[in-house]
Amino acid sequence: MPSTKQITLDAPLDMHLHLRDGEMLENIAKGSAHTFSGAIIMPNLVPPVSTKEEVVAYKERIINAVGNENFKLYMTLFFKPSYDKDFLESVKDEITAIKLYPAGITTNSEGGVSGFDVEELRPALSAMSELNIPLCVHGETNGFVMDREAEFVFIYEKLASAFPDLKIIMEHITTKESVAALDKFENLYATITIHHLLITLDDVAGGMLQPHLFCKPIAKRPEDREALLKVALAAHPKVMFGSDSAPHPKHAKESCGCAAGVFTAPIALQLLTELFETHDALDNLQAFVSGNAQNIYGIIPLAKTVTLEKKTFKVPSDYNGVVPMYANEKIAYSIQEVKNG
Ligand SMILES: [Zn+2]
């Protein structure tokens, strides 16, 4: 007689992940690799990953850090308008997507794009479109912090109509405006984080400042979270889970000048299961954490099943020196078993 409630997820995918480099990579990579079948790896290192040699070398360092875990790396390059078709053809087999950052908008994005002139971007984006390489975008302007994403929707729409065959992924969307854009253009898709489904700006700054919930894009208003929940819980076919898990050392978060980023990778599946259960939407979790991403990217993930059970999990105070979201708090679901193959 089954006494505990269980759910088994098939090949969970994290479609937006920061694994960093060096010591941090060594400290945190296994946390994702253990419970996820694969992840889209963000390229914002110093310097950013922007050549074939760099992407191959970074992949190798991640493979070393991951050890024996069965974990597929979907690598990305840091977008530069100077990428031409010859270059993209030469690197195509090493990458799954290319990530565009507006200049200076988040961690290590100083070399990003500063104007969004379609003609200036046309050679690179047309070539990506022809080669079927998706474009992942961190969509924020340099405007007022709460309005940056909503202002950027205009740029998403401009790019989506100028390059109708280019798959454009609006990364880590946080606003009702971005949710609305999904249904306006066939070639716009989105990732959504777990933290933006759970928190609003109130949780970050409404009481005492919570540095471990501070991220970019900043958490928004309750109505924005509602809009995100609506499409995530329904597993709208154009949205997929991307944690945007972004570790920083504890001292960089608990300091004067807190770095932006929420570390969720090792607790993401537990939190998602709890959230979807709370909203009576567990039937849609599989599509949100894997199925939709497979369809959008056209990928067949490595076989891995993760069983979660309804058993209280106390979130550790840190993972190798990195403080996770909800440190020392309790989640209703625990990882019970991970099976490879
Ligand atoms: Zn990110």
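In the predicted model, the zinc ion is coordinated through the NE2 atoms of His16 and His18 and through OD of Asp244, at 2.0 to 2.1 Å. Along the chain, these donors follow the spacing H-x1-H-x225-D. Water is not among the atoms, so the site may look incomplete.

Between β2 and α1 lies a loop that contains Arg20. The phi angle of Arg20 is near 60°, a positive value in a residue other than glycine, and Arg20 is buried, with a relative accessible area of 12%. Most residues other than glycine have a negative phi, and most peptide bonds are trans.

One joins Val46 and Pro47, with omega at about -5°, and Pro47 lies in the loop between β3 (residues 38-41) and α2. Another runs from Lys216 to Pro217, with omega near -5°, and Pro217 has its place in the loop between α8 (residues 201-205) and α9 (residues 222-233).

Helix α1 (residues 22-35) has a kink of about 35°, centred on Ile28. Ile28 also belongs to the buried residues of this helix, which are Met24, Leu25, Ile28, Ala29, Ser32, Ala33 and Thr35. An α-helix has 3.6 residues a turn, so residues three or four places apart point the same way. The buried residues of α1 pack against the helices α2 and α11 and against the strands β2 (residues 13-17), β10 (residues 304-314) and β11 (residues 330-340).

The axes of α1 and α2 (residues 52-66) come within 8 Å and cross at roughly 75°. This angle lies in the range of 65 to 115 degrees that counts as roughly perpendicular, and α1 is therefore described as roughly perpendicular to α2. On the α1 side, the residues that meet α2 are Leu25, Glu26, Ala29, Lys30 and Ala33, and their partners in α2 are Tyr58, Arg61, Ile62, Ala65 and Val66. By class, the contact between α1 and α2 has 7 nonpolar, no polar and 3 charged residues. Leu25, Ala29 and Ala33, which take part in this contact, are among the buried residues of α1.

Helix α11 (residues 268-278) packs with helix α12 (residues 285-297) at an angle of about 140°, with the two axes 9 Å apart. Because angles over 145 degrees are needed for a roughly antiparallel arrangement, α11 and α12 are oblique to each other. Leu269, Leu272, Thr273 and Phe276 of α11 make the contact with Leu285, Phe288 and Val289 of α12. By class, the contact of α11 with α12 has 6 nonpolar residues, 1 polar residue and no charged residues.

Note on methods:
Residues are numbered from 1 along each chain as its sequence is written. This is a predicted model: local features need pLDDT of at least 70, side-chain atom pairs count only at pLDDT 80 or more; totals for chains, interfaces and linings use all residues. Side-chain values use heavy atoms; hydrogens and water are left out. Axes are lines fitted to C-alpha atoms, for helices over the stretch in contact, and angles run from 0 to 180 degrees between N-to-C directions. Helices (H or I, at least four residues) and strands (E, at least two) are DSSP runs, numbered from the N terminus. Angles under 35 degrees count as roughly parallel, over 145 as roughly antiparallel, 65 to 115 as roughly perpendicular and the rest as oblique. Contact means heavy atoms within 4.5 Å. Ala, Val, Leu, Ile, Met, Phe, Trp, Tyr, Cys and Pro count as nonpolar, Asp, Glu, Lys and Arg as charged, and the others, Gly among them, as polar. Donors are N, O and S atoms within 2.8 Å of the metal (3.2 Å for Na, K and Ca); water is not among the atoms, so sites may look incomplete. The bend at a residue is the angle between axes fitted to the seven residues ending there and the seven starting there. Buried means under 20% relative accessible area, exposed over 50%, partly exposed in between (1.4 Å probe, protein chains only).
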